[in-house]
Amino acid sequence: MSAGTTARPVPRPVPLRRRIPVIGGTLAYIKDPLAFMADHYERFGPVSDLNFIGKRWTILLGPDACGEALRNPDKAFANKPGWDELVGPFFDRGLMLLDFDEHHRHRRLMQEAFTRDRLTGYAAALGPAIETGIGSWEAGDGFKAYPALKDLTLNLATQIFMGGAELTSADELDRVNRAFIDCVQAATSFVRAPLPGTRWRRGIQGRQLLEEFLGRQLPAKRAAEGDDLFSVLCHLTEDGEGFSDADVVNHMIFLLMAAHDTSTITVSTAMQYLGQHPEWQERLRAEASGLSAAPTLDELDGLVGFALVMKECLRLLPPVPVLARRTVKDTEVLGHAIPAGRLTAVMVHLQHHQADLWPDPESFDPDRFAEDRREDKVHRHAWEPFGGGVHKCLGMFFAGAEVKLILHHLLRRFTWSVDADYEVPLNYYSLPFPKDGQPVDLRRREDQPGH
Ligand code: HEM
């Protein structure tokens, strides 16, 4: 080393959780991810190794370690080889699975599909579609909110994103929705080969159906200047270059996935907490009482209480609790050496519940995000439901508008309650969802005395 250079500290080795064999880590995680992460952090610190789904993963926990990987200053962490491990080939070449220069090019182009003007158009189309969608909900005790919301958001995504696709038969849209669900379920299958009768095989067939369906719609979308997302993707250009047909199809399949389960679980969580906290339910109902059934994007922006509730729900249950990466070169996180080629799990869920960051972290307290408290400012990476760095969610404002609009329609039409001591039993095989369908006691407002 030449005189005057500062010696770099030698990177520390990463501790390995040895006693959990092969799929042990996976099972412990799936049983109770938060307990698993808290215990793991306590014993092994923010950077450690673990065998997960049969492979060696480096586990990052806490805002410092997760933040370093998300900021990715030396471009050591890549998305595709990480996410491929979890979501397989089903969402291939979606924006989240592109890296570095190619990702940058596609993201710049796709950003144009999410400008404020575009969002204003999407929000205007969402309102009536939501009103029709929840119109058929049957009020009653133990109403299963989650599957009803999942149907609703999938229909919204296919309608708003595809904007009146040409169907060859009455049930074609159902088959498209089914194919899409097959892809999502296959992505998290333990059997990762197309054996007969497996989820993986249904996923492969589902992906083929989606490619064929979207490919068939493409010429019409290219020919007309529609304002649905599909048409918009067909017409975006920068320096005369736009997306190829294959790019449009790949982006559409990923966007349907990205927009669907994430929004569903956010509204489902909000229904739970608003059912358990009637004072918040009333506060939101009062806040939006002056708005019509089709509020504009500006009006939605003014719904401060809605935003606080949404943030708190995303803190308590981030729809994407773990982000996948793989190192493409040797690197370090918090001084720990991570070799090239290492799968890495960025477990953002834990920092949302750390008592050293959030006072009383398990309580539902949306006002913690209010301007006079802003507890999330305790650390730049304390609250990361939308990820961070160059892959930060591109649909977060779309999601904000969609979630607020669905809640607005629910609050106008219904009241609901959930037992104060109810704890949601979550399934964590893929993105989290309530195993019991998230039951709520749902009443139509017009059926209630005094309405
Ligand atoms: C509450 C709802 C949502 C949550 C919590 C959420 C969360 C996330 C997270 C954590 C990522 C980063 C993944 C990574 O870094 O590996 C992401 C990426 C992405 N999300 Fe969302 N998302 C939501 C809704 C949506 C919606 C509605 C859309 C589209 C309309 C969308 C489109 C995308 C896209 C395109 C990416 C990839 C960005 C990139 O790689 O550059 N998301 N989302």
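Three strands make up an open sheet in the order 4-14-11, with antiparallel pairing; strands pair if DSSP finds at least two bridges between them. Helices (H or I, at least four residues) and strands (E, at least two) are DSSP runs, numbered from the N terminus. The model is predicted: local features need pLDDT of at least 70, side-chain atom pairs count only at pLDDT 80 or more, and totals for chains, interfaces and linings use all residues. Residues are numbered from 1 along each chain as its sequence is written.

The edge strands of this sheet are strand 4 (140–144) and strand 11 (414–417), each pairing on one side only. Neighbouring strands are turned by 45 degrees against each other on average, direction ignored. Strand 11 pairs with strand 14 (residues 439–444) in the antiparallel sense over four bridges, and Trp-416 stands opposite Leu-442 in strand 14. Helix 7 (residues 145–162) lies across strand 4 and strand 14, at about 55 degrees to strand 4. Axes are lines fitted to C-alpha atoms, for helices over the stretch in contact, and angles run from 0 to 180 degrees between N-to-C directions. Residues are in contact if their C-beta atoms, placed from the backbone, lie within 7 Å.

Another open sheet has five strands in the order 1-2-10-7-3, with mixed pairing. Its edge strands, each pairing on one side only, are strand 1 (47–52) and strand 3 (77–78). Strand 1 and strand 2 (residues 55–61) pair in the antiparallel sense over six bridges, and Val-47 stands opposite Leu-60 in strand 2. Helix 2 (residues 33–44) packs on the sheet, touching strand 1, strand 2 and strand 10 (343–347), and its direction makes about 85 degrees with that of strand 2.

Turning to helix packing, helix 8 (residues 172–187) and helix 9 (residues 199–223) pack at an angle of about 135 degrees, with their axes 7 Å apart. That makes helix 8 oblique to helix 9, because angles under 35 degrees count as roughly parallel, over 145 as roughly antiparallel, 65 to 115 as roughly perpendicular and the rest as oblique.

The ligand is surrounded by 22 residues, the closest being Ala-259, Thr-262, Gly-387, Cys-393 and Gly-395; a residue is near a molecule if its C-beta atom, placed from the backbone, lies within 6 Å of it. Helix 11 (245–276) and helix 15 (396–413) are the elements that give two or more residues to this shell. The largest share, six residues, comes from helix 11.

Methods
Contact = placed C-beta atoms within 7 Å.
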